[in-house]
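Subject: Structure handover

Hello,

Please find the structure below. My notes on it follow.

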Amino acid sequence: MKLRSALLGAAAFTALASAAWAERGADGHVNVLYWQAPSILNPYLSSGTKDVEASSLILEGMAGFNEKGEVFPRLAESVPTVDNGGVSADLTQITWKLKPGLLWSDGTPVTSADAAFTYEYCKHPEGGCAQAARFEGIKSIETPDDLTVVITFDGPKPNPYQAFVGGTSPIIQKAQFANCLGAAASTCTDQNFGPIGTGPFRVTEFKTNDTVSLEANPNYRDAAKPAFATMTIKGGGDAEAAARAVMETGEFDYAWNTQINPDMQAQMIAAGKGTLLNGFGTLVERIEMNMTDPSPDLPEGERSTTKHPHPFLTDIRVRKALSMAIDRQVLVDVGYGNAGRPTCNLVPAPELYASDNTECLTQDMEGAKALLDEAGWTDSDGDGIRDKDGKKLSILYQTSTNPVRQDFQALIKGWWNEVGVEVELKNIDASVYFGGDAGSPDTFQKFYADVEMYANNFDGTDPEPYLAQYLCDKIPGPDNQWQGENINRFCDPAYDALVKELATTADMAKRGEIAKKLNDMLTKDSYTVVALVDRGRLSAASNTLGGVVLNTWDTELWNAQDWFRVK
Amino acid sequence: MRDAAGTQAKPVRMERPRSQWRDVWDQFKTHKGALVGMTVLALLVAFVVIGPFLWHEEQLTTTEKILMKNKPASFRFPMGTDHLGRDYFYRMMQGGRVSIAVGFVAMTISILIGTTIGTLAGFFKRLDGPLMRLTDLFLSLPLLPLLLVMVMLFRDALARVFGPELGTFVLIVIAIGVTSWMQSARIVRGEVLALKEREFVLAARSVGTPNRRLILRHVLPNVVSPVMVAATLNIAEAIITESALSFLGLGFPPDFPTWGRLLYDGLSYMQQYPERVMWPGLAISLTVLAVNYIGDGLRDALDPRIRGR
Amino acid sequence: MLTYIIRRLLLAIPTLLLISLVIFFLVDLAPGSPASEIPLTVPAEVRAKILESMGVNDPVYVRYLLWLKQFVWVEPMNLIDHWFGTTFAEGQQRIISYQTRGPVFDIIVQRIPQTMTVIGTAYIVGVLIAIPIGIYSAYRQYSWFDQAGTFVAMVGFSVPTFFTGVLLIVIFAVKLQWFPSIYDTTLKITDWASFMKQVKQMVMPVTVLALFNAATLSRYMRSSMLENLGQDYVRTARAKGMSERTVVLKHVLRNSLIPVVTVIALGIPSIFGGAIITEQVFKVNGLGAALIGAIHANDLPTVQTLAFIFAVLIVTFNLIADVLYGLLDPRIRYA
């Protein structure tokens with residue numbers, strides 16, 4: 001809590017200070033560390049966080065999300081809403097108006113044609129656009145004049161802030177990318193490595209996967225910003241080394257995603273050179289239960305498919321008992337410290353959508369044992385492992401390689417052993433686990449294990465597509481090359497119907513209600529998804545860097561134009 | 001060594017020529033470093049093999065363990081506890097079993113392959129080209145994808161034959177052995193090329209010694225010295241590679257400690273709890289050091305010129 | 001000798017072709033896909049489109065032939081264009097990385113300088129330390145110097161560089177603040193101050209690697225010296241009344257260097273390959289870091305290209321080592 005108050009103090013100080021020294025480039029140089037180095041500066045060709053965030057210094061959209069998750073205007077004059085007439089009453093059209101007099105960093109004017117071109121660029125079938133989902137459901141984009149962009153949707157769109165909002169869908173310059181449509185997209189190396197933008201900085205040198213050198217954009221719309229004349233984004237190493245470079249050696253001013261263990265957090269804070277910023281978004285570390293049988297005795301192609309239901313995880317009492325045996329607070333204390341908090345929800349935020357489900361937060365070992373007894377799983381042969389009809393209650397528990405996840409595995413294995421469940425642990429290199437290669441048995445989609453652990457979140461503030469992942473027809477299997485998102489093989493017609501209802505509901509309060517209900521159906525009503533920890537972002541900022549506000553809804557560098565040097 | 005035991009059984013008469021292996025052993029015994037090395041290695045092996053029978057990990061529940069986390073060394077926990085409250089002393093013993101076993105077996109495999117290929121390539125001119133190109137091929141294969149492919153192809157098959165734990169062990173030692181023999185092959189070949197032209201080999205050849213005997217009696221004993229160096233290097237490398245493998249999820253399950261893994265995990269706590277990297281680091285170094293001195297002793301013992309002195 | 005070299009060079013072509021084939025298929029067969037870099041929030045259809053645009057779905061032999069053509073024809077032409085301003089490779093598709101969507105060779109060119117300076121220096125320093133230590137250790141076998149040298153060498157290679165690297169950072173960057181913990185690849189040497197900066201940022205990575213290299217090499221040097229010190233020709237030389245200095249430094253050393261020189265030559269390709277862990281620990285971002293980064297991201301074209309360049313270097317330096325061997329040791333004859 002001390003940390004948070006320190007943060008608030010810093011933020012208040014920021015507001016005062018930035019007014020005092022307002023001159024572009026007056027504060028010299030700022031060093032930023034992304035331990036995963038940016039590979040490309042075009043977010044349409046890479047959806048990796050590091051790439052999107054680095055490019056957000058250069059490229060901007062009509063609007064962005066602030067630290068509270070609210071939409072605020074960037075290139076647009078104001079945020080269109082139903083109230084101000086920017087969004088049509090039937091929710092099928094949104095009209096953006098550009099600020100007049102905007103210039104690209106090369107001095108040419110920004111027009112609505114650039115926005116229309118951006119849409120064309122991303123929708124091209126051969127371009128492999130990484131952000132295509134942001135332009136989903138758009139029927140047409142029209143540009144009645146140089147400053148107006150009218151987006152018409154296929155049907156009512158309760159959340160119209162998708163295209164051109166946030167760091168993932170910025171506007172690119174038509175003149176620069178005109179020859180990079182479709183298959184040509186990846187041959188445009190110069191453009192992808194040095195886009196012309198409207199953001200506070202422009203690229204001077206880009207060494208891919210290593211360093212981005214930037215300087216203040218001379219045509220940035222606010223003549224007093226940014227305060228820094230130059231910026232370097234360096235990549236490489238790991239989260240620990242990144243935190244160390246800001247908090248202990250003071251070589252860098254800001255380090256992204258410094259996810260380190262609580263003991264180390266305390267040590268870094270004690271060094272006194274910087275602060276660890278944390279904020280919570282929608283990222284939830286969870287255990288997914290496999291509703292199908294992953295047994296290696298089944299023929300290949302039938303393992304973990306709906307043909308064979310799981311021998312014991314289909315029993316809700318077993319799933320619930322497994323969840324009850326976990327002490328989530330201990331997990332947080334061991335793995336995340338200030339950067340995590342226990343949760344029972346799949347959708348932990350925004351407030352509108354977050355269910356008040358807290359019953360899992362207290363560990364109940366006795367209750368878990370009783371529940372397993374009730375389900376008929378008893379230790380009949382006295383070897384400490386429960387069994388039923390000659391079958392042992394034995395679980396294979398897999399996750400990706402990551403020190404925190406391995407600690408979680410060890411702890412959870414301990415608790416499960418104590419309630420009489422045998423646990424075998426397995427860890428898989430992240431590039432294989434998340435690779436989705438249909439030829440590999442170790443991907444999280446194939447789920448050749450009884451339970452598995454990973455973290456997932458959703459883009460922006462609307463959980464609808466996220467909740468729609470658990471539809472019956474999204475179950476991965478050999479027929480769809482294991483590409484579905486319904487990892488648990490969960491299938492409930494009532495759930496499917498409710499998701500359909502959500503898609504056509506426009507009233508925000510009603511949407512919140514439905515989303516909460518969907519969340520509960522997956523978590524506390526069925527224990528299909530056992531949420532563990534609501535994981536926050538943890539980044540490190542030097543004491544000499546002012547104006548930093550951690551934003552979990554958009555890119556972390558969202559307000560780099562307001563950063564300044566504390567003197 | 002079997003010969004030595006055989007001759008020892010009978011009373012030895014002075015005029016009878018002493019067996020070669022007995023000479024070797026006598027010489028080895030006089031090598032102080034080798035004896036110290038043997039003792040240290042024996043102690044380490046005893047620590048990891050017999051230790052767990054004498055020292056049991058306290059039976060605590062997970063929640064009780066967490067309360068015991070990050071404890072300094074005490075009588076209850078001779079090396080303290082780790083960040084999850086596990087007895088570090090016990091983990092060192094457990095970890096050593098795997099590390100020592102993997103280190104020695106993988107080193108043996110690697111040296112066997114390396115020496116065989118190196119000797120054949122150096123000795124038979126016809127084989128030199130193909131075998132050395134094979135070495136080039138292995139040297140240039142990217143290690144990580146190679147290991148990933150090996151694990152993907154053979155893990156389940158081996159687990160079926162040997163059971164999951166032994167299967168993993170076999171896979172790991174073979175993977176390490178198959179990817180680390182090239183250096184010793186190159187070196188052995190170089191030595192053999194030179195030895196082949198030496199007077200004593202030429203002499204042996206001229207009296208019609210068959211190739212097999214030539215290699216076993218005259219060539220191999222003379223390449224022991226570089227092979228010993230390669231062997232010590234290989235043990236250290238195997239122990240570390242094993243930890244890298246389990247870190248990639250290719251080795252033992254994540255809660256199975258090995259010295260390499262403990263060292264790697266301890267790295268995050270280096271500033272607060274330096275002993276957590278010190279113990280595994282020390283254990284690995286001691287093993288390697290011991291093997292090195294034994295190797296030195298063995299080389300001196302096998303060298304008739306030194307033995308005569 | 002000359003015919004031997006020519007024969008070996010000719011033989012190198014099919015060897016390299018075979019190696020390229022094995023590397024390509026091995027990397028391709030490895031589990032994992034570039035999709036692991038795409039966040040889970042991206043829907044499956046978009047994911048599939050992205051992979052398709054990378055060309056992942058083409059049959060493997062098509063990709064191999066294309067890659068081979070690009071490697072042996074398009075890229076060299078491109079280099080010629082770059083040097084002489086010609087336009088041979090105009091419009092030809094170069095080898096494109098999945099991860100950066102830029103030409104793989106551009107990345108390699110960008111990374112060579114830091115790898116060569118840091119790893120190259122470390123190698124030279126390592127050799128310069130190892131040889132005298134090896135000689136003296138062998139000459140005074142079992143002296144305290146030898147014992148200390150053995151101990152340091154053993155600790156040197158049994159303690160991995162990921163440990164020594166972090167240890168140095170904690171001591172010299174965090175506690176003493178003498179050296180930076182992060183290597184600045186954009187630093188240009190223009191004057192004395194920037195030169196000193198460069199030296200400072202090189203000290204720690206070079207130390208870590210040089211110690212590791214020296215530990216290994218000094219063992220080979222020592223054992224080779226010991227081998228030769230026991231030879232008859234040494235006794236003869238001494239008996240002839242030669243000074244100890246001449247015996248050791250001229251006769252013994254020259255003969256002992258033969259195997260060591262090959263070890264040194266064989267290690268040179270590893271300079272180009274960079275030291276994966278050391279580069280990561282100190283954020284040098286050279287070729288080693290590029291390779292490991294590409295492997296983790298399943299950036300197949302980059303892995304295949306880097307691995308193959310490596311293979312070319314290994315084959316070349318093995319040839320050089322063999323030739324050196326023949327030159328240094330007149331007893332060895334290649335017919």
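What percentage of the 309 residues in chain B is buried? The share is 50%, where buried means 20 or more other C-beta atoms within 10 Å of the residue's own, exposed means 12 or fewer, and partly exposed lies in between, with C-beta atoms placed from the backbone.

Before the rest, some conventions. This is a predicted model, in which local features need pLDDT of at least 70 and side-chain atom pairs count only at pLDDT 80 or more, while totals for chains, interfaces and linings use all residues. Residues are numbered from 1 along each chain as its sequence is written, and chains are lettered from A and ligands numbered from 1 in the order in which they are written.

**Chains B and C**

Chain B has 16 helices and zero strands; helices (H or I, at least four residues) and strands (E, at least two) are DSSP runs, numbered from the N terminus. The C-alpha trace of chain B spans about 75 × 50 × 40 Å along its principal axes. Of the contacts in chain B between residues at least 6 apart in sequence, 67% join residues at least 24 apart. A contact here is a pair of residues whose C-beta atoms, placed from the backbone, lie within 7 Å.

Chain C has 12 helices and zero strands. Its C-alpha atoms fill a box of roughly 80 × 60 × 40 Å along the principal axes, and 48% of its 335 residues count as buried. For chain C, residues 24 or more positions apart account for 69% of the contacts with a separation of 6 or more.

One helix of chain C can be checked by its length. Helix α4(C), residues 104-139, has 36 residues and should span 52 Å at 1.5 Å a residue; its end C-alpha atoms are 49 Å apart, which agrees. The expected span is 1.5 Å times one less than the number of residues. α4(C) also bends by about 35° at Arg111(C), and a proline, Pro113(C), follows within four residues. The bend is the angle between axes fitted to the seven residues ending at a residue and the seven starting there.

**Where the chains meet**

The contact between chains B and C takes 41 residues from chain B and 46 residues from chain C. On the chain B side, α15(B) gives the most, with seven residues. By class, that side has 26 nonpolar, eight polar and seven charged residues. Ala, Val, Leu, Ile, Met, Phe, Trp, Tyr, Cys and Pro count as nonpolar, Asp, Glu, Lys and Arg as charged, and the others, Gly among them, as polar.

Chain A also touches chain C, with 49 residues of chain A in contact with 46 residues of chain C. The elements of chain A that give two or more residues to this side include β7, β8 and α6 (239-247). The chain A side divides into 12 nonpolar, 25 polar and 12 charged residues.

**Strands in chain A**

β7(A), residues 201-207, and β8(A), residues 211-216, pair in the antiparallel sense over six bridges; strands pair if DSSP finds at least two bridges between them. Phe206(A) has Val212(A) in β8(A) as its bridge partner. The two strands form a hairpin with three residues between them. Asn209(A), in the loop between β7 and β8 of chain A, has a positive phi near 60°. Asn209(A) is buried, with 27 other C-beta atoms within 10 Å.

β8(A) is also joined by five bridges to β9(A), residues 230-235, and these run antiparallel. Thr211(A) stands opposite Lys234(A) in β9(A).

**Backbone exceptions in chain A**

Most residues other than glycine have a negative phi, and most peptide bonds are trans. Asp389(A) sits in the loop between β13 (387-388) and β14 (391-392) of chain A, and counts as exposed, with 8 C-beta neighbours inside 10 Å.

A cis peptide bond joins Lys225(A) and Pro226(A), with omega about -5°; Pro226(A) lies in the loop between β8 and β9 of chain A. A cis bond also joins Ala349(A) and Pro350(A), with omega about -10°.

Regards

How values were computed: Contact = placed C-beta atoms within 7 Å.
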